[in-house]
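Me: I am new to reading protein structures. Please take me through one, a question at a time.

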Amino acid sequence: MWDDLKAAAEQGRDRSILGLFDADPNRAEGFSVTALDLLFDYSKTQIDAATRDTLMSLAKAAEVEAKRDAMLSGSKINDTEGRAVLHTALRNLDGDAVLVDGQDVMPSVLDTLARMEAVATEIRESAFTDVVNIGIGGSDLGPAMAYLALSPYCDGPRCHFVSNVDAADIADTLRGCDPERTLFIVASKTFTTIETMTNARTARAWLQDHGVSTEGRFVALSSNAGAAAEWGIPSERVLGFEDWVGGRYSMWGPIGLSLMIAIGPDAFKAFLRGGQAMDRHFCAAALHDNMPVLLALVGIWHNQGLGHATRAVLPYDNRLSRLPAYLQQLEMESNGKSVAMDGTTLLVNSGPVVWGEPGTNGQHAFYQLIHQGARVIPCEFMAAAEGHEPDLRHHHDLLIANCLAQSEALMRGRSLEEARAIMEQKGLSGDELERQARHRVFPGNRPSTTLMMPKLTPEVLGQIIALYEHRVFVEGVILGINSFDQWGVELGKELATSLGPLVSGDAPADEKDGSTQALLGYVKRYS
Ligand code: F6P
């Protein structure tokens, strides 16, 4: 099947995007899809009808629909860990049965949601002014991203997110907090992650150093209730979830507690409803109208087809500034793999390098490379028609104008003739005109997509996050990999554990390679 994609890529690589618009006046409509509140426009890419058919054939050959149904019905599709993949159950607000090993998990999911609401309401109504979520990776990035994204809806205590084992993170956070009025949430699926447990111990010591009791000041979010209890957090303050919720897919359940505390249970449930609505769309829409499938196919086209190894996520929304980091984990931890389910080596690129920053800031930083660098970087723009500052509407108009300008500039480019004319107008001539003109050429024909939403509400954010989750799933299915394990993070963790005593000087370093020994020597000399 990859041969067909390669052949399509050879044909499509230099296809003029502007030419596609000239040939088809309805291209914007024909190469975009709407679902729920979202519009996904992929018309500014080299994809034509034949390419799309090829891509659809890939999805069909990979049995995306059957695999989607297997995931949603609780099959153990994460087969290197022997687990089901059911984060969708966390937003299944209607409670329709979802079976794992023949058991309906929904009563327990809804019970946990009710317990989350009770804890969140209690904290919102308490004297706590600050909530510190201590977690990392999936136990941090989702709630941290959404807390910022939904700040116009935040009416609870201030939330902070401490993740890094670097003491700077917790020290800087606690400096602004009152020990009497600070609640800590220890968020860790495993309750063993070294960064989180180190920060949690430091938080406990901070309270004790200030003569404040830890009682009632810790909540645990974990699948490992035993470890939370051992750590001293009473069971009524532990919100649990099952192993079929992957860390990077976990913000819909207890890991989202900080968000629920910040925006309130009703707004949190609106977020869940948005995710659930996207699940329904993913299940019901035919492949050619299915937004997650189309997003995935555009990704496959650019990465595995055309060989563009990175994609830039460019939200024109300052409050989505943590979205690229969130998507980095979602996409790169899920699909950054080169071994297929059956143990064979992938014949194509693994999932893409995802990076980005909000516009317009990025324009003044890295867009130079996007426009004129030698590599093509497919760009994924994102914007809301309406902002949250109606009195400052002119800011929003400028924001949108910039977003649309960038995708147009990438597509249109500027030819040497056009650049020469500009230089001529500036009064240049001869060799100097030619030299200066060449610096002002934009190759153009660079692909981008745009995701539009009416306004970034909790419900719309839920739709977007579920959209990306399903996109990652579909890309993983087409690649034939397991998107739900993360063995690639293990080796570094193991080595860090064994390096601990070497850094503190409690064990000799002579078994280590020359570089590691020299770097340890440097630390010893200067610490
Ligand atoms: O980095 C690996 C990882 O296991 C992620 O998948 C996970 O989100 C993160 O660490 C945190 O894990 P935990 O929630 O168990 O502390």
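Me: Is glutamate 469 buried or exposed?
Reply: Start from its relative accessible area, which is 1% for glutamate 469. Keep in mind that this is a predicted model, where local features need pLDDT of at least 70, side-chain atom pairs count only at pLDDT 80 or more, and totals for chains, interfaces and linings use all residues. Under 20% relative accessible area means buried, over 50% means exposed, and in between is partly exposed (1.4 Å probe, protein chains only). With its 1%, glutamate 469 is therefore buried.

Me: How far apart in sequence are the parts that the pair of glutamate 469 and arginine 91 ties together?
Reply: Helices (H or I, at least four residues) and strands (E, at least two) are DSSP runs, numbered from the N terminus. Glutamate 469 sits in helix 19 (residues 458–479) and arginine 91 in the loop between helix 5 (64–72) and strand 3 (99–100), so the pair links parts whose separation in sequence is 378 residues.

Me: How many salt bridges are found in the whole structure?
Reply: A search of the whole structure gives a total of 31.

Me: Which residue forms a salt bridge with arginine 181?
Reply: Arginine 181 is partly exposed, at 38% relative accessible area. With the closest N and O atoms 4.0 Å apart, the partner of arginine 181 is aspartate 178.

Me: Which residues are linked with Glu380 in a network of salt bridges?
Reply: Glutamate 380 and arginine 471 meet through their side chains at 2.8 Å, N to O. Glutamate 380 belongs to strand 12 (residues 379–384) and arginine 471 to helix 19, so this pair ties together parts 91 residues apart in sequence. Both glutamate 380 and arginine 471 are buried. Linked with Glu380 in the network are Arg311, Glu331, Arg471 and Glu475.

Me: Which helix gives the largest share of the lining of the largest pocket?
Reply: On a 1 Å grid over the protein atoms alone, a pocket is an open set of points with protein on both sides within 12 Å along at least five of seven lines, and lining residues have an atom within 4 Å of a point. The lining here has 36 residues, with Thr190, Thr193, Gln486, Val489 and Lys493 nearest the pocket's centre. Two or more lining residues come from each of helix 9 (194–209), helix 14 (323–335) and helix 20 (490–503). The largest share, 4 residues, is given by helix 20.

Me: Which two residues does a cis peptide bond join?
Reply: Look in the loop between strand 11 (353–355) and helix 15 (367–372), where threonine 360 lies. Omega is about 10 degrees for the cis bond, and the residues that it joins are glycine 359 and threonine 360.

Me: What is the phi of leucine 36?
Reply: Leucine 36 is in the loop between strand 1 (32–35) and strand 2 (38–41). With 43% relative accessible area, leucine 36 is partly exposed. Its phi is positive although the residue is not a glycine, with a value near 55 degrees.

Me: Is aspartate 101 buried or exposed?
Reply: Aspartate 101 has a positive phi too, of about 50 degrees. You will find aspartate 101 in the loop between strand 3 and strand 4 (103–104). At 62% relative accessibility, aspartate 101 counts as exposed.

Me: How far apart in space are threonine 202 and arginine 273?
Reply: Threonine 202 is in helix 9. At 36% relative accessible area, threonine 202 is partly exposed. In sequence, threonine 202 and arginine 273 are 71 residues apart, and in space their C-alpha to C-alpha distance is 37 Å.

Technical notes: Residues are numbered from 1 along each chain as its sequence is written. Side-chain values use heavy atoms; hydrogens and water are left out. On a 1 Å grid over the protein atoms alone, a cavity is a set of points where a 1.4 Å probe fits but cannot get out, and a pocket is an open set with protein on both sides within 12 Å along at least five of seven lines; lining residues have an atom within 4 Å of a point.
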